[in-house]
Amino acid sequence: MMHKSLTTRGAKLATGLAAVALTATACGGSSDEETSAAGGTSSGGSCESVNLGFIPSWTDGLSLAHLWDNLLGEQGIDVEMTEIADAAPLYAGLAGGDVDVYPSAWSEVTHADYMDEYGDQIEDYGAYYEGARLTFAVPEYTDISSISDLTGNAEQFDGRIVGIEPGAGLTRTTRESVMPAYELEDDYTLVESSTTAMLAELQAATDANEDIVVTLWRPFWANSEFPVKDLEDPEGALGEAEGLHTLATEGFSDRCADVASMMENIQLSDEQYGSLENMVVNEYGEGQYAEAVDAWLEENPDFMESLQS
């Protein structure tokens, strides 16, 4: 996929970037009969609604939120989709009960500080995907292979490392760990803006065959839609690979026991995750997320059985 024409790749990017424009919506239907059959009942009540909070520019969260929207809506549960621009307020909202579930949290490493702060008020249902990691990336044609190669080559990159949201764990790790470890602070400026802006700069640079260094992560669709390569991290400053977790506000498992059980069971392989994100972000895109999930579920019939194991 890295060798698609620039026109095709640009169209794909436009579709992916459109995902960040989604406004908070409430969707799904409910009936008393369906809800009582589907919801958790440990305290005699029923799970009538679930509020899913996610960062729309992080497409793992976008994809998982719409997957759960489908799964819960099919059980008659009202699903509210709450977009939050940054990790810090999302964790605070989760801990405070303003959001019920964060369906794709980087809680082991990238957001470990937020778990230290709010973990006592959060239920962790475990990792649904293993092997996520933070990266620095450059175009395939750029003649360096390691973050250490950035040292002494600031002019090649205009002294800029193009990052994402200021409150993102990746931004904090870059600023507080990577740049000091490789002595980049004096020669480089970390550009803190947004995922959308970073991807726009990446597209412009690769379209013009220019050098650029950006902060990225895996899994993320941009790794296959752009001609980029990860830089080696010999100092280990970006941290270890981690699992992506499903988190809920404290007490959610009491109110929605059956839903919490499903969330504890969910597991996605590399292939399943990659096909889900690609279908949601690229093949269908904004306005067709529900259709994307329907198509993915049709192609992955064994997935539903795994939730009940």
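These legends describe an overview and close-up views of a predicted model.

The model is predicted, so local features need pLDDT of at least 70 and side-chain atom pairs count only at pLDDT 80 or more, while totals for chains, interfaces and linings use all residues. Residues are numbered from 1 along each chain as its sequence is written, and side-chain values use heavy atoms, with hydrogens and water left out.

**Figure 1. Overview of the protein chain.** The chain has 13 helices and ten strands. Helices (H or I, at least four residues) and strands (E, at least two) are DSSP runs, numbered from the N terminus. Of its 309 residues, 52% count as buried. Buried means under 20% relative accessible area, exposed over 50%, and partly exposed in between (1.4 Å probe, protein chains only). Among contacts (heavy atoms within 4.5 Å) between residues at least 6 apart in sequence, 82% join residues at least 24 apart.

**Figure 2. Surroundings of Ser-104.** Ser-104 sits in strand 4 (residues 101–105). Its relative accessible area is 1%, so Ser-104 is buried. Not counting residues up to four places away in sequence, Ser-104 touches Asp-60, Gly-61, Leu-64, Tyr-128, Leu-244 and His-245. With Asp-60, the side chain of Ser-104 also makes a polar contact of 2.4 Å. A polar contact is a pair of N or O atoms within 3.5 Å; within protein, one must be able to donate a hydrogen and the other to accept it, and residues adjacent in sequence count only if both atoms are side-chain atoms.

**Figure 3. Salt bridge between Arg-255 and Asp-100**. A salt bridge is a side-chain nitrogen of Lys or Arg within 4 Å of a carboxyl oxygen of Asp or Glu. The structure holds six. Here the closest N and O atoms are 3.0 Å apart. Arg-255 lies in helix 9 (residues 252–255), and Asp-100 in the loop between helix 4 (87–96) and strand 4, 155 residues apart. Arg-255 is partly exposed at 30% relative accessibility. Asp-100 is buried at 10%.

**Figure 4. Salt bridge between Arg-172 and Asp-113**. The N to O distance is 3.2 Å. The pair links helix 6 (residues 169–181), which holds Arg-172, to helix 5 (residues 112–118), which holds Asp-113. Arg-172 is buried at 13% relative accessibility, whereas Asp-113 is partly exposed at 43%.

**Figure 5. Salt bridge between Glu-201 and Arg-160**. The closest N and O atoms are 2.9 Å apart. Glu-201 belongs to helix 7 (residues 195–207) and Arg-160 to strand 6 (residues 160–162), 41 residues apart. Glu-201 is partly exposed at 27% relative accessibility. Arg-160 is partly exposed at 28%.
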